[in-house]
Amino acid sequence: MENINQRIIEKAKRKLDSLFESYAMIAEDRYVFLCDMRYDYSRWSKALVDDFGLPSEYMYGAGEIWEEHIHPEDRGGYRLQLDNIFAGREKCHDIQYRAKSIDGEYNLCTCRGIVVTDEYGKPEYFGGTIRNHSRRSQIDTITGLRNQYGFFADLQKYIRNHVPIRIGMVGIGKLTEINEVYGYTVGNTLLQYFGRYLMDNVTSRNDTYRMDGACFAIISKTQSEQELYDLYEEIRGHFRKGIKFNDMDMIIELNAGLITLDDFNVDDQTVYSCLNFAYEESKINKHGDLVIFKNELTENNRKRLEKLHAIRASITKNFNGFYLVYQPVVDAKSEKLIGAEALLRWRSDEYGVVPPDLFIPFLENDPLFPDLGEWILNTAINDAAKIMKYIPGFIINVNLSYSQLERTDFTDVVWNMIKKSEFSPNQLCLELTERCRLLDMDMLRNVMVSLRQGGIRIALDDFGTGFSSVGLVKNLPFDTIKVDRSFVQEIENDDREKKLLNNFTDIAGTFGAEVCVEGIETTGMRDIIKDYGIHSFQGYYYSKPISIDELLEKVKSGENCFAR
Ligand code: C2E
Ligand code: CA
Ligand code: CA
């Protein structure tokens with residue numbers, strides 16, 4: 001370009017700034033860059049400059065400076081696209097590469113850019129966005145509101161600065177059923193509608209958060225309990241009257257909990273547990289009436305909360321109280337043991353044995369959870385190694401929570417563990433549930449592809465229970481789908497379950513995945529299901545979850561055929 005190398009003039013810089021600021025406003029949680037191509041002078045987002053240690057927000061020759069941060073293996077493709085842009089051969093830029101952040105780790109980034117020409121058709125600006133898949137997004141992709149990470153970031157700030165607030169949690173009752181009856185798209189549209197309604201009628205965008213599932217949170221700095229109570233009744237009335245939505249009339253029931261934060265001697269997780277608690281109380285016992293959390297809990301509720309606290313504290317006390325049990329998985333034809341699924345338990349003298357359903361949903365958003373996840377994975381791998389001496393092809397299945405996958409170092413942690421154990425990666429199968437759809441799909445696909453390239457297997461757990469099963473199997477590379485036991489419970493008497501199972505095996509076959517059926521409890525079930533081209537079975541008929549010693553004992557004594 002003719003003027004390149006010339007210092008930018010003040011007028012051009014002002015225009016660059018003004019355009020940049022407009023771009024930045026709509027970029028949500030992505031970084032923005034904008035280059036005045038006549039001077040090769042750019043402005044880049046401050047967040048990117050900080051995260052990657054670039055010299056300044058304003059740079060001449062930013063393309064070359066950035067190239068230094070890109071992984072050597074990815075530089076060729078980057079350079080080629082950039083040369084084409086600056087030579088006027090291409091107008092768009094769309095590339096993925098790894099870039100080294102300030103802490104020395106490579107972050108996967110997607111960069112999209114476009115050339116804007118002047119009135120004579122000459123390239124004037126090159127601008128775009130960079131999405132860092134390793135950075136936790138604070139924006140919910142469905143509603144555009146801040147998500148639970150945004151919520152926790154704000155809550156921590158208020159606690160730190162001793163700002164008194166009231167926090168409400170309000171959610172749509174029976175969203176799962178709506179999704180099942182009307183489909184995923186209708187469910188999403190309803191969430192968008194609800195999010196917008198809250199924003200327009202309650203607070204500003206910044207104080208409305210989309211939490212997990214059907215829940216939204218609201219933070220108010222000014223309204224009293226009574227005012228919020230009245231407001232909730234108004235919103236509830238609106239949705240209860242029925243809304244016209246996608247040409248359908250829908251009556252929506254809501255649930256809500258409220259807590260006042262004026263004692264700052266607490267942590268964000270405790271506040272959240274209490275809020276959740278009030279919400280659940282509204283849903284389960286109060287038919288959706290607003291429940292205001294008070295410190296004087298009923299005896300029953302206090303016990304439940306104390307138990308959760310004790311379980312959480314165990315994570316920091318060397319995982320004391322946690323242990324794993326293993327449920328055998330058998331080959332559908334020979335009924336011989338081919339693997340096992342690790343299932344978590346917690347036990348204490350005071351509370352006895354607590355099954356995972358009672359605590360995992362409360363813990364999985366907790367910053368401590370990934371440590372527990374790591375402990376589970378490590379314990380399961382080490383236990384499985386003992387079985388492999390007797391059954392060389394043995395596969396160990398480990399359940400993951402979606403929150404574990406978000407950690408940028410997740411794949412490194414897994415590889416390090418496997419390396420240390422001399423365990424072959426294709427003997428590990430990670431089970432994901434449909435809740436993983438809460439994650440950024442590009443990020444999830446990348447993690448899955450990288451794990452599978454190294455040989456690790458991935459299964460979709462509880463297939464069919466959510467509303468996005470088929471979509472997920474289509475878009476993500478699963479090795480196995482595990483059909484939830486609710487679809488086979490009645491198979492001996494119900495022909496519809498037979499048809500469903502047929503559909504499921506068809507879907508799996510189309511996408512090249514094997515099928516495992518869970519919850520085989522009787523000979524009758526086994527006899528029917530074995531004709532469906534299933535790969536493996538799991539269920540009480542073969543064995544309940546047992547300790548590693550019991551499993552090892554069975555294997556050692558040659559009792560590895562579970563046929564009866
Ligand atoms: P899941 O992954 O679907 O695990 C299967 C559950 O079904 C287990 O319950 C198992 O004991 C039970 N089950 C297996 N066969 C039968 C049967 O024939 N009949 C009946 N009625 N039940 C059967 P469990 O151990 O209580 O686990 C419940 C859920 O907790 C698991 O469901 C999984 O979602 C979660 N979970 C368990 N361990 C972990 C873990 O280590 N990490 C994570 N993230 N989640 C876990
Ligand atoms: Ca599972
Ligand atoms: Ca399951």
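Author: Let's start with Glu-406, which counts as buried because its relative accessible area is 16%, under the 20% cut-off. Keep in mind that this is a predicted model. Glu-406 sits in the loop that links α13 to α14, the latter covering residues 410–421. So what does Glu-406 touch, once you set aside its neighbours within four places in sequence? The contacts are Arg-136, Tyr-149, Leu-439 and Met-443. Now pick out Asp-263: Glu-406 is 143 residues from it in sequence, and their C-alpha atoms are 32 Å apart in space.

Next, have a look at a sheet. Five strands make up an open sheet in the order β8-β9-β7-β12-β13, and their pairing is mixed. The edges belong to β8 (208–210) and β13 (291–292); each has a single partner strand, so one side of each has no neighbour in the sheet. In general, strands of a sheet pair through backbone hydrogen bonds, in either a parallel or an antiparallel way. Here β8 and β9 (residues 215–220) run antiparallel and are joined by three bridges. You can find one partner pair yourself: Tyr-209 is bridged to Ala-217 in β9.

That sheet also has a helix lying on it. Helix α9, residues 268–284, lies across β7 (165–172), β9, β12 (254–261) and β13, and runs at about 145 degrees to β12.

Finally, here's a pair of helices. Helix α7 (residues 184–201) packs against helix α8 (residues 225–241) at an angle of about 140 degrees, and their axes are 12 Å apart. That angle makes α7 oblique to α8. The crossing of α7 past α8 is right-handed. On the α7 side, the contact is made by Tyr-193, Phe-194, Tyr-197, Leu-198 and Asn-201, while α8 brings in Leu-231, Ile-235, His-238 and Phe-239. And what kinds of residues are these in the contact of α7 with α8? Seven are nonpolar, two are polar and none is charged.

How values were computed. Residues are numbered from 1 along each chain as its sequence is written. Chains are lettered from A and ligands numbered from 1 in the order in which they are written. This is a predicted model: local features need pLDDT of at least 70, side-chain atom pairs count only at pLDDT 80 or more; totals for chains, interfaces and linings use all residues. Side-chain values use heavy atoms; hydrogens and water are left out. Two strands pair if DSSP finds at least two bridges between them. Helices (H or I, at least four residues) and strands (E, at least two) are DSSP runs, numbered from the N terminus. Contact means heavy atoms within 4.5 Å. Axes are lines fitted to C-alpha atoms, for helices over the stretch in contact, and angles run from 0 to 180 degrees between N-to-C directions. Angles under 35 degrees count as roughly parallel, over 145 as roughly antiparallel, 65 to 115 as roughly perpendicular and the rest as oblique. A crossing is left-handed if the near helix is turned anticlockwise from the far one by less than a right angle, and right-handed if clockwise. Ala, Val, Leu, Ile, Met, Phe, Trp, Tyr, Cys and Pro count as nonpolar, Asp, Glu, Lys and Arg as charged, and the others, Gly among them, as polar. Buried means under 20% relative accessible area, exposed over 50%, partly exposed in between (1.4 Å probe, protein chains only).
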